[in-house]
Amino acid sequence: MNDKPEWRGLSRFSGGNKPILNLVLFALTVFSTWLVGGPLYALAIIAILFAHEMGHYLMCRKYKIKATLPFFIPFPFPSLNPFGTLGAVIKIKEPIPNRIALFDLGIAGPLAGLAVTIPALVIGLRESTFIELESIQPGSLNFGTSLLFSFLAKLVIGNTPEGYDLMLHPFAFAGWTGLFVTSLNLIPIGQLDGGHVLYTLSGRNASKFYKLILGLFALSCALFYPGWMFFILLLIWLGYKHPPPLNDHVQIDRKRRILGYITFVIFIISFVPVPIYFSG
(Lines give C-alpha, C1' and ligand atoms only; values in the text may rest on other atoms or scores of the structure.)
Protein backbone atom coordinates (compact mmCIF):
# COMPACT_ATOMS: atom_id res chain seq x y z
CA MET A 1 0.00 0.00 0.00
CA ASN A 2 1.24 3.51 -0.85
CA ASP A 3 0.78 5.25 2.48
CA LYS A 4 2.39 8.59 1.49
CA PRO A 5 1.96 9.04 -2.25
CA GLU A 6 2.66 12.77 -2.14
CA TRP A 7 6.27 12.23 -1.03
CA ARG A 8 7.12 9.67 -3.69
CA GLY A 9 6.69 12.14 -6.51
CA LEU A 10 8.76 14.81 -4.80
CA SER A 11 11.48 12.46 -3.55
CA ARG A 12 12.06 11.34 -7.13
CA PHE A 13 13.15 14.92 -7.88
CA SER A 14 15.25 15.40 -4.75
CA GLY A 15 17.88 12.71 -4.97
CA GLY A 16 15.66 10.11 -3.29
CA ASN A 17 15.20 12.14 -0.09
CA LYS A 18 11.94 13.44 1.33
CA PRO A 19 12.07 17.21 0.84
CA ILE A 20 10.74 18.10 4.30
CA LEU A 21 13.80 20.21 5.14
CA ASN A 22 13.60 21.96 1.77
CA LEU A 23 9.97 22.92 2.43
CA VAL A 24 10.65 24.09 5.99
CA LEU A 25 13.59 26.26 4.88
CA PHE A 26 11.52 27.62 2.01
CA ALA A 27 8.73 28.64 4.40
CA LEU A 28 11.20 30.22 6.81
CA THR A 29 12.83 32.16 3.97
CA VAL A 30 9.46 33.44 2.82
CA PHE A 31 8.90 34.62 6.41
CA SER A 32 12.35 36.21 6.80
CA THR A 33 12.20 38.07 3.47
CA TRP A 34 8.65 39.21 4.23
CA LEU A 35 9.90 40.43 7.60
CA VAL A 36 12.65 42.64 6.15
CA GLY A 37 10.97 43.83 2.96
CA GLY A 38 7.26 43.08 3.00
CA PRO A 39 5.15 40.73 0.86
CA LEU A 40 6.03 42.18 -2.57
CA TYR A 41 9.76 41.97 -1.89
CA ALA A 42 9.38 38.44 -0.54
CA LEU A 43 7.43 37.36 -3.62
CA ALA A 44 9.99 38.80 -6.03
CA ILE A 45 13.19 37.68 -4.33
CA ILE A 46 11.88 34.15 -3.72
CA ALA A 47 10.94 33.93 -7.43
CA ILE A 48 14.44 35.13 -8.43
CA LEU A 49 16.26 32.68 -6.16
CA PHE A 50 13.96 29.83 -7.14
CA ALA A 51 14.52 30.48 -10.85
CA HIS A 52 18.29 30.58 -10.37
CA GLU A 53 18.48 27.30 -8.50
CA MET A 54 15.97 25.53 -10.73
CA GLY A 55 18.13 26.52 -13.70
CA HIS A 56 20.93 24.49 -12.13
CA TYR A 57 18.60 21.72 -11.06
CA LEU A 58 16.99 21.22 -14.46
CA MET A 59 20.43 20.96 -16.06
CA CYS A 60 21.24 18.25 -13.54
CA ARG A 61 18.08 16.48 -14.63
CA LYS A 62 19.04 16.89 -18.29
CA TYR A 63 22.45 15.29 -17.79
CA LYS A 64 21.14 12.71 -15.29
CA ILE A 65 23.24 14.09 -12.42
CA LYS A 66 21.74 13.35 -9.02
CA ALA A 67 20.99 16.56 -7.11
CA THR A 68 18.71 17.81 -4.36
CA LEU A 69 15.92 20.31 -4.64
CA PRO A 70 16.90 23.87 -3.60
CA PHE A 71 17.71 24.60 0.03
CA PHE A 72 16.71 28.19 0.84
CA ILE A 73 18.67 29.94 3.59
CA PRO A 74 16.62 32.30 5.80
CA PHE A 75 18.31 35.15 7.65
CA PRO A 76 15.75 37.28 9.56
CA PHE A 77 18.24 39.78 11.01
CA PRO A 78 17.95 43.03 9.00
CA SER A 79 20.64 44.78 11.06
CA LEU A 80 23.17 42.22 9.83
CA ASN A 81 21.69 41.42 6.42
CA PRO A 82 19.14 43.69 4.70
CA PHE A 83 18.06 40.96 2.25
CA GLY A 84 16.38 38.54 4.68
CA THR A 85 18.17 35.56 3.14
CA LEU A 86 21.60 34.22 2.32
CA GLY A 87 20.32 32.80 -0.95
CA ALA A 88 19.64 29.21 -1.92
CA VAL A 89 21.70 26.21 -2.96
CA ILE A 90 21.29 22.76 -4.42
CA LYS A 91 23.57 19.88 -3.51
CA ILE A 92 25.02 17.96 -6.44
CA LYS A 93 25.62 14.37 -5.39
CA GLU A 94 27.56 13.07 -8.39
CA PRO A 95 30.60 14.19 -10.40
CA ILE A 96 29.99 16.30 -13.51
CA PRO A 97 30.46 14.05 -16.58
CA ASN A 98 32.15 16.50 -18.99
CA ARG A 99 32.83 20.14 -19.80
CA ILE A 100 29.64 20.58 -21.81
CA ALA A 101 27.51 19.50 -18.86
CA LEU A 102 29.64 21.67 -16.55
CA PHE A 103 29.13 24.72 -18.75
CA ASP A 104 25.37 24.23 -19.08
CA LEU A 105 25.03 23.58 -15.36
CA GLY A 106 27.04 26.68 -14.45
CA ILE A 107 25.39 29.11 -16.82
CA ALA A 108 21.77 27.98 -16.46
CA GLY A 109 21.34 29.39 -12.94
CA PRO A 110 22.44 32.99 -13.61
CA LEU A 111 20.54 33.19 -16.89
CA ALA A 112 17.34 31.80 -15.36
CA GLY A 113 17.70 34.17 -12.42
CA LEU A 114 18.20 37.15 -14.75
CA ALA A 115 15.08 36.18 -16.69
CA VAL A 116 13.10 36.95 -13.52
CA THR A 117 15.35 39.69 -12.12
CA ILE A 118 15.17 42.06 -15.10
CA PRO A 119 11.33 42.16 -15.34
CA ALA A 120 11.03 42.55 -11.55
CA LEU A 121 13.54 45.41 -11.65
CA VAL A 122 11.82 47.20 -14.54
CA ILE A 123 8.39 46.89 -12.90
CA GLY A 124 9.81 48.04 -9.59
CA LEU A 125 11.62 51.03 -11.11
CA ARG A 126 8.37 52.22 -12.66
CA GLU A 127 6.83 52.26 -9.18
CA SER A 128 9.84 53.79 -7.40
CA THR A 129 9.86 57.42 -6.28
CA PHE A 130 12.37 60.24 -5.90
CA ILE A 131 12.93 61.68 -2.44
CA GLU A 132 14.82 64.80 -1.37
CA LEU A 133 18.32 64.20 -0.06
CA GLU A 134 17.55 66.51 2.88
CA SER A 135 14.86 64.11 4.07
CA ILE A 136 17.29 61.18 4.34
CA GLN A 137 18.45 60.64 7.90
CA PRO A 138 22.23 60.44 8.53
CA GLY A 139 23.33 56.84 8.92
CA SER A 140 20.63 55.52 6.60
CA LEU A 141 21.46 52.43 4.57
CA ASN A 142 22.27 53.08 0.91
CA PHE A 143 22.98 50.72 -1.98
CA GLY A 144 25.54 51.17 -4.71
CA THR A 145 24.59 50.84 -8.35
CA SER A 146 26.00 48.66 -11.08
CA LEU A 147 26.33 49.70 -14.72
CA LEU A 148 23.36 47.51 -15.65
CA PHE A 149 21.17 48.89 -12.87
CA SER A 150 22.07 52.48 -13.79
CA PHE A 151 21.30 51.83 -17.46
CA LEU A 152 17.90 50.30 -16.71
CA ALA A 153 17.04 53.06 -14.23
CA LYS A 154 17.86 55.75 -16.77
CA LEU A 155 15.91 53.90 -19.45
CA VAL A 156 12.80 53.43 -17.28
CA ILE A 157 12.61 56.61 -15.16
CA GLY A 158 15.26 58.94 -16.58
CA ASN A 159 17.95 60.82 -14.68
CA THR A 160 17.71 61.42 -10.95
CA PRO A 161 16.92 65.12 -10.37
CA GLU A 162 19.58 67.16 -8.59
CA GLY A 163 19.10 67.11 -4.85
CA TYR A 164 17.09 63.88 -4.94
CA ASP A 165 17.70 60.17 -4.50
CA LEU A 166 15.73 57.13 -5.64
CA MET A 167 13.57 55.28 -3.14
CA LEU A 168 13.24 51.74 -4.46
CA HIS A 169 9.92 49.94 -4.68
CA PRO A 170 10.10 46.42 -3.13
CA PHE A 171 10.19 44.84 -6.62
CA ALA A 172 13.07 47.15 -7.57
CA PHE A 173 14.94 46.25 -4.39
CA ALA A 174 14.45 42.58 -5.17
CA GLY A 175 15.75 43.28 -8.68
CA TRP A 176 18.80 45.05 -7.26
CA THR A 177 19.38 42.08 -4.98
CA GLY A 178 18.95 39.68 -7.91
CA LEU A 179 21.62 41.53 -9.91
CA PHE A 180 23.91 41.50 -6.88
CA VAL A 181 23.42 37.75 -6.37
CA THR A 182 24.01 37.14 -10.09
CA SER A 183 27.26 39.10 -10.05
CA LEU A 184 28.53 37.20 -7.00
CA ASN A 185 27.72 33.87 -8.62
CA LEU A 186 29.41 34.90 -11.86
CA ILE A 187 32.72 35.77 -10.21
CA PRO A 188 35.09 33.52 -12.20
CA ILE A 189 36.65 31.77 -9.21
CA GLY A 190 36.55 28.17 -8.00
CA GLN A 191 33.19 26.45 -7.93
CA LEU A 192 31.05 29.54 -8.32
CA ASP A 193 28.99 29.62 -11.50
CA GLY A 194 31.54 31.90 -13.13
CA GLY A 195 34.27 29.50 -12.04
CA HIS A 196 32.47 26.68 -13.84
CA VAL A 197 32.29 28.74 -17.02
CA LEU A 198 35.94 29.80 -16.83
CA TYR A 199 37.05 26.20 -16.34
CA THR A 200 35.13 25.03 -19.40
CA LEU A 201 36.82 27.78 -21.44
CA SER A 202 40.39 27.37 -20.21
CA GLY A 203 40.60 23.96 -18.55
CA ARG A 204 43.26 23.47 -15.89
CA ASN A 205 44.83 26.81 -16.82
CA ALA A 206 41.84 28.33 -15.02
CA SER A 207 43.74 28.04 -11.72
CA LYS A 208 46.07 30.82 -12.89
CA PHE A 209 43.10 33.10 -13.49
CA TYR A 210 41.57 32.18 -10.13
CA LYS A 211 44.64 33.43 -8.29
CA LEU A 212 44.71 36.66 -10.31
CA ILE A 213 41.02 37.37 -9.73
CA LEU A 214 41.33 36.57 -6.03
CA GLY A 215 44.21 39.06 -5.86
CA LEU A 216 42.11 41.72 -7.57
CA PHE A 217 39.36 41.09 -5.04
CA ALA A 218 41.81 41.57 -2.21
CA LEU A 219 42.91 44.86 -3.81
CA SER A 220 39.28 45.93 -4.13
CA CYS A 221 38.80 45.12 -0.47
CA ALA A 222 41.77 47.30 0.52
CA LEU A 223 40.84 50.24 -1.72
CA PHE A 224 37.04 50.35 -1.83
CA TYR A 225 35.06 48.04 0.42
CA PRO A 226 36.48 46.15 3.42
CA GLY A 227 33.29 44.08 3.50
CA TRP A 228 34.67 41.98 0.66
CA MET A 229 37.19 40.47 3.08
CA PHE A 230 34.57 38.06 4.42
CA PHE A 231 33.79 36.88 0.90
CA ILE A 232 37.49 36.45 0.12
CA LEU A 233 38.03 34.35 3.23
CA LEU A 234 34.94 32.30 2.38
CA LEU A 235 36.31 31.57 -1.11
CA ILE A 236 39.67 30.53 0.32
CA TRP A 237 37.99 28.31 2.91
CA LEU A 238 35.70 26.65 0.35
CA GLY A 239 38.57 26.27 -2.08
CA TYR A 240 39.19 28.54 -5.05
CA LYS A 241 40.41 25.72 -7.31
CA HIS A 242 38.08 23.76 -9.56
CA PRO A 243 37.97 19.95 -9.75
CA PRO A 244 37.93 18.59 -13.33
CA PRO A 245 34.86 16.80 -14.69
CA LEU A 246 35.05 13.06 -15.31
CA ASN A 247 35.82 13.58 -18.99
CA ASP A 248 38.03 16.65 -19.22
CA HIS A 249 38.82 16.25 -22.92
CA VAL A 250 35.41 17.07 -24.39
CA GLN A 251 35.59 20.69 -25.60
CA ILE A 252 32.64 23.08 -25.64
CA ASP A 253 31.42 24.36 -29.00
CA ARG A 254 31.76 27.87 -30.44
CA LYS A 255 28.25 28.99 -29.41
CA ARG A 256 28.90 28.04 -25.80
CA ARG A 257 32.24 29.86 -25.88
CA ILE A 258 30.56 33.04 -27.09
CA LEU A 259 27.85 32.67 -24.44
CA GLY A 260 30.58 32.14 -21.84
CA TYR A 261 32.27 35.41 -22.78
CA ILE A 262 28.89 37.15 -22.64
CA THR A 263 28.42 35.95 -19.05
CA PHE A 264 31.68 37.64 -18.09
CA VAL A 265 30.33 40.87 -19.58
CA ILE A 266 27.16 40.37 -17.50
CA PHE A 267 29.35 39.93 -14.43
CA ILE A 268 31.19 43.19 -15.12
CA ILE A 269 28.08 45.29 -15.73
CA SER A 270 26.11 43.84 -12.79
CA PHE A 271 28.94 43.94 -10.22
CA VAL A 272 28.83 46.65 -7.53
CA PRO A 273 32.28 47.51 -6.08
CA VAL A 274 30.70 49.18 -3.01
CA PRO A 275 27.33 47.45 -2.58
CA ILE A 276 26.29 48.93 0.78
CA TYR A 277 27.20 52.17 2.51
CA PHE A 278 25.73 54.55 5.03
CA SER A 279 24.73 58.12 4.26
CA GLY A 280 26.68 60.85 5.96
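**Close-up 1. Packing of helices α3 and α5.** Helices α3 and α5 pack at an angle of about 150°, and their axes lie 7 Å apart, where axes are lines fitted to C-alpha atoms, for helices over the stretch in contact, and angles run from 0 to 180 degrees between N-to-C directions. α3 is therefore roughly antiparallel to α5, a term used for angles over 145 degrees, with under 35 counted as roughly parallel, 65 to 115 as roughly perpendicular and the rest as oblique. The model is predicted, so that local features need pLDDT of at least 70 and side-chain atom pairs count only at pLDDT 80 or more, while totals for chains, interfaces and linings use all residues. Residues are numbered from 1 along each chain as its sequence is written, and side-chain values use heavy atoms, with hydrogens and water left out. Helices (H or I, at least four residues) and strands (E, at least two) are DSSP runs, numbered from the N terminus. α3 passes α5 in a left-handed crossing, meaning that the near helix is turned anticlockwise from the far one by less than a right angle, whereas clockwise would be right-handed. On the α3 side, the residues that meet α5 include Pro110, Leu114, Ile118 and Leu121, and their partners in α5 include Phe171, Trp176 and Leu179, contact being heavy atoms within 4.5 Å. By class this contact has 11 nonpolar, 5 polar and no charged residues, with Ala, Val, Leu, Ile, Met, Phe, Trp, Tyr, Cys and Pro counted as nonpolar, Asp, Glu, Lys and Arg as charged, and the others, Gly among them, as polar.

**Close-up 2. Packing of helices α7 and α8.** Helix α7 (residues 206-223) packs against helix α8 (residues 228-238) at an angle of about 155°, with the axes 9 Å apart. α7 and α8 are therefore roughly antiparallel to each other, and α7 passes α8 in a left-handed crossing. The contact is made by Leu214, Phe217, Ala218, Ser220 and Cys221 of α7 together with Trp228, Met229, Phe231, Ile232, Leu235 and Ile236 of α8. Its classes are 10 nonpolar, 1 polar and no charged residues.

**Close-up 3. Aromatic pairs.** The structure holds 14 aromatic pairs, in which rings of Phe, Tyr and Trp (its six-membered ring) have centres within 6.5 Å, with planes under 30 degrees apart counted as stacked, over 60 as edge-to-face and the rest as tilted. The rings of Phe26 and Phe72 have their centres 5.2 Å apart and their planes at 75°, so this pair is edge-to-face. Because Phe26 lies in helix α2 (residues 20-62) and Phe72 in strand β1 (residues 71-74), the pair ties together parts that are 46 residues apart in sequence. Phe26 counts as partly exposed at 32% relative accessibility, whereas Phe72 is buried, with a relative accessible area of 3%; buried means under 20% relative accessible area, exposed over 50% and partly exposed in between (1.4 Å probe, protein chains only). Phe180 and Trp228 form a tilted pair, 6.3 Å centre to centre with 35° between the planes, which links helix α5 (residues 170-185) to helix α8 across 48 residues. Both Phe180 and Trp228 are buried, and they belong to a cluster linked by ring pairs that also includes Tyr41, Phe143 and Phe267.

**Close-up 4. Surroundings of helix α6.** Helix α6 (residues 193-202) is mostly covered, 10 of its 10 residues being buried. The cover of these buried residues includes α2, α3 (99-127), α5, α7 and α9 (254-270). After α6 comes Gly203, whose phi is positive, near 65°.
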